[in-house]
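Hi,

Here is the structure I promised to pass on.

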Amino acid sequence: MSERTPYLAANWKMQKTVEETEDFLDRFLGNIGDLQDTDIAICPPFTSLVAAVERCRRSPVRIAAQNMHEADSGAFTGEISASMLTSIGVEAVVLGHSERRAIFAETDEALALKVVAALRADLQPILCVGESLEERSDGVTEDVLRRQLEAALEQVEASQLGSIVIAYEPVWAIGTGKTASPEQAEEAIGFARSVVAEKDSESAARIRILYGGSVKPDNAEELLRREEIDGALVGGASLDPADFLAICEAGS
Ligand code: PEP
């Protein structure tokens, strides 16, 4: 059992209105009393952030955004900055999700700037990395993880590395129902940790590295009991309060 505090994050993507967010939180928060020493983050869409922060104010749950721009302000129509997020009480931000990389052409270079901007604003980055099915079949999973991690963390001071959360999310497992086996997930996460260790071994021992990709209540426990897997980033199954609670319980 590692000494790292488990971290469970719910990525709602473009789902839930303000009313649905409040309804989820009313049901979820009422049942988390038994979860000890577990960090929980809910990542609703931008429009629900204020309501979610308000609902979670006296709870241990932190609210995270799903993206941000690297600049603090400026002529970037449709974008949101780190300081705008912290000003409403948001504490973390998902960066580099594979949907943003694939659909919105987010680059490793832009991500490197976003990670530094988030840390500067005291916003915890939840940095997503992971290989496609083709890359796994070609046997280049480790090359992809190394490239993504080295690029995104290039400008991060060693002293700040430990406060980042990394999510290993194989693209072929996201939203497909095809979960990585605990062995595959642990191997990739162990490798990701070794890449962080090349920058700073103490931070590598502290940094939380999550698994994401079709985590459900019925497969969470076998994944989350693995020594290297510090938690989960959950998409589809996090939309239902009972399912997400069951996953949090499996990880706590
Ligand atoms: C995700 O979107 O980060 C994710 C892991 O989704 P799902 O759990 O639905 O595969």
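By class, how many nonpolar, polar and charged residues does the lining of the largest cavity have? There are three nonpolar, four polar and two charged ones, where Ala, Val, Leu, Ile, Met, Phe, Trp, Tyr, Cys and Pro count as nonpolar, Asp, Glu, Lys and Arg as charged, and the others, Gly among them, as polar.

Before the rest, a word on what you're looking at. This is a predicted model, in which local features need pLDDT of at least 70 and side-chain atom pairs count only at pLDDT 80 or more, while totals for chains, interfaces and linings use all residues. Residues are numbered from 1 along each chain as its sequence is written, and side-chain values use heavy atoms, with hydrogens and water left out.

The structure holds one cavity of 30 Å³ or more, and the volume of the largest cavity is about 40 Å³. Its lining is made up of Gly-96, Ser-98, Arg-101, Cys-128, Val-129, Gly-130, Gln-148, Glu-169 and Val-171. Helix 4 (98-103) and strand 5 (124-129) are the elements that give two or more residues to that lining.

The largest pocket has about 410 Å³ of space in it. It is lined by 14 residues, and Lys-13, Met-14, Gln-66, Arg-100 and Phe-104 lie nearest its centre. Helix 4 turns up here too: it gives the most to the pocket lining, with three residues. By class, the pocket lining has seven nonpolar, four polar and three charged residues.

For the terms: on a 1 Å grid over the protein atoms alone, a cavity is a set of points where a 1.4 Å probe fits but cannot get out, and a pocket is an open set with protein on both sides within 12 Å along at least five of seven lines; lining residues have an atom within 4 Å of a point. Points are joined across faces, edges and corners, and a volume is the space filled by probe spheres set on them. Helices (H or I, at least four residues) and strands (E, at least two) are DSSP runs, numbered from the N terminus.

Helix packing

Helix 7 (residues 141-153) and helix 9 (residues 182-199) pack at about 40°, with their axes 10 Å apart (axes are lines fitted to C-alpha atoms, for helices over the stretch in contact, and angles run from 0 to 180 degrees between N-to-C directions). The two are therefore oblique to each other (under 35 degrees is roughly parallel, over 145 roughly antiparallel, 65 to 115 roughly perpendicular and the rest oblique). In the contact (heavy atoms within 4.5 Å), helix 7 brings Glu-142, Leu-145, Arg-146, Leu-149, Glu-150 and Leu-153, and helix 9 brings Ala-188, Phe-191, Ala-192, Val-195, Val-196, Glu-198 and Lys-199. That divides into eight nonpolar, no polar and five charged residues.

Helix 11 (residues 217-224) and helix 12 (residues 241-251) pack at about 20°, with axes 8 Å apart, which means helix 11 is roughly parallel to helix 12. Pro-217, Ala-220, Glu-221 and Leu-224 of helix 11 meet Asp-243, Ala-246, Ile-247, Ala-250 and Gly-251 of helix 12.

Helix 12 also packs with helix 1 (residues 18-29): their axes come within 9 Å and cross at roughly 45°, which makes helix 1 oblique to helix 12. Here Phe-24, Arg-27 and Phe-28 of helix 1 meet Pro-241, Phe-244, Leu-245 and Cys-248 of helix 12. By class, this contact has six nonpolar, no polar and one charged residues.

Cheers
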